[in-house]
Amino acid sequence: MWTKEELDRYHRQMILPQVGPEGQERLKRASVVVVGAGGLGVPVLQYLVAAGVGRVGIVEMDRVEVSNLHRQVLYATEDVGKPKALAAKERLLALNPLVRIDTYPVRLTSENALEILRPYDLVVDASDNFPTRYLVNDACVLLRKPLVYGAIYQFDGQVAVFHHLTPEGEMGPCYRCLFPKPPAPGSVPSCAEAGVFGVLPAVVGSLMAAEALKVLLGLGKPLAGHLLLYDALEASFRKLSLRRNPACPVCGDHPTQQDLIDYEAFCGL
Ligand SMILES: [Zn+2]
């Protein structure tokens, strides 16, 4: 049974024929964990919480810095210095007190990743570094969970849904099928080093939120087996087709890696 508050709050999406009360019920029962509550994680968290996803996890160890605020618009100036996971929870519960929010103010590591990610239906990688990306990917393959991925660089972004059935009904590729090896250490600068267009993570993070909601609701064609590229300066999108690599060490036909590894070492750090 729906309360009046739920009916009022979710009315505009419940009247969509593709969602309906059944879809809203699916969201209420669903759980999503978001790794990273920075530029990408903020819009993902805002839209998942606003949409009524029943349980949302936030994995983030950083504190809010004043240099975050031009793009991480969930946080206010008064949040500077607070742990991001806790500041995010406070703001998100102000947006929608009907959802459960779990915080993990720790670094995701090979030791804790399976335990932290296991309770959730879907994982969102909104991290900003290669060791975490490979760790989250491998953990999702081992746990058999779909993974919504996004990444940004200056004015460019990319989005995909990994390890999920493609619209053709085949198991889609994982991050490692696409990027078997990490780039050389130091060859890809971070936002702190290279700068980032403040609205870029809002665009890419919103696309990630849309993919996450589509996966949870079983709607349309998720970006499984595809990589969507966004160029803010050209105002252009490109969609590339991807295939699962049968020789992938984690999701291939004969996986050679059946546990998590040392990702700092794997990335040459
Ligand atoms: Zn793979």
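A residue is termed buried if 20 or more other C-beta atoms lie within 10 Å of its own, exposed if 12 or fewer do, and partly exposed in between, with C-beta atoms placed from the backbone. The structure is a predicted model, in which local features need pLDDT of at least 70 and side-chain atom pairs count only at pLDDT 80 or more, while totals for chains, interfaces and linings use all residues. Residues are numbered from 1 along each chain as its sequence is written.

Of the 269 residues of the chain, 40% are buried. The C-alpha atoms fill a box of roughly 50 × 45 × 40 Å along the principal axes. A compact globule of 269 residues would have a radius of gyration near 18 Å, and the 18 Å of the chain agrees with this; the radius is taken over C-alpha atoms, and the globule rule is 2.2 Å times the number of residues to the power 0.38. Two residues are in contact if their C-beta atoms, placed from the backbone, lie within 7 Å. Among contacts between residues at least 6 apart in sequence, 69% join residues at least 24 apart.

The chain has 11 helices and eight strands, where helices (H or I, at least four residues) and strands (E, at least two) are DSSP runs numbered from the N terminus. Eight strands form an open sheet of mixed pairing, in the order E3-E2-E1-E4-E5-E6-E7-E8; two strands pair if DSSP finds at least two bridges between them. Strand E3 (100-104) and strand E8 (236-241) stand at the edges with a single partner strand each, so one side of each is left without a neighbour in the sheet. From one strand to the next, the twist averages 15°. Axes are lines fitted to C-alpha atoms, for helices over the stretch in contact, and angles between N-to-C directions run from 0 to 180 degrees.

Strand E1 (residues 31-35) pairs in the parallel sense with strand E2 (residues 55-59) over five bridges. Within this pair, Ser 31 has Arg 55 of E2 as its bridge partner, and Val 33 stands opposite Gly 57 in E2. E1 also runs parallel to E4, to which four bridges join it; here Val 33 has Val 123 of E4 as its bridge partner. Four of the five residues of E1 are buried, and the strand is thus mostly covered. From E1 the chain crosses through helix H4 (residues 41-51) to E2, and this β-α-β crossover is right-handed; that is, with the strands pointing away from the viewer, the path from the first strand over the helix to the second runs clockwise.

Leu 45 is found in helix H4 and counts as buried, with 30 C-beta neighbours inside 10 Å. Leaving aside neighbours within four places in sequence, Leu 45 is in contact with Val 34, Ala 37, Val 56, Ile 58, Ala 88 and Leu 92. The C-alpha atoms of Leu 45 and Val 34, 11 residues apart along the chain, are separated by 7.3 Å.

Helix H10 (residues 200-217) lies across E1, strand E4 (122-125), strand E5 (147-153), strand E6 (156-162) and strand E7 (226-231), and runs at about 170° to E5. H10 is mostly covered, 13 of its 18 residues being buried. From first C-alpha to last, H10 reaches 26 Å, close to the 26 Å expected at 1.5 Å a residue; the expected span of a helix is 1.5 Å times one less than its number of residues. Just after H10, Gly 218 takes a positive phi of about 65°.

In helix H7 (130-143), 12 of the 14 residues are buried, so this helix is largely enclosed by the rest of the structure. The buried residues of H7 include Phe 130, Tyr 134, Leu 135, Val 136, Cys 140 and Val 141. The end C-alpha atoms of H7 are 20 Å apart, which agrees with the 20 Å that its 14 residues should span.

Arg 144 follows H7 and is found in the loop between H7 and E5; with 9 other C-beta atoms within 10 Å, Arg 144 is exposed. Gln 154 lies in the loop between E5 and E6 and counts as partly exposed, with 14 C-beta neighbours inside 10 Å.
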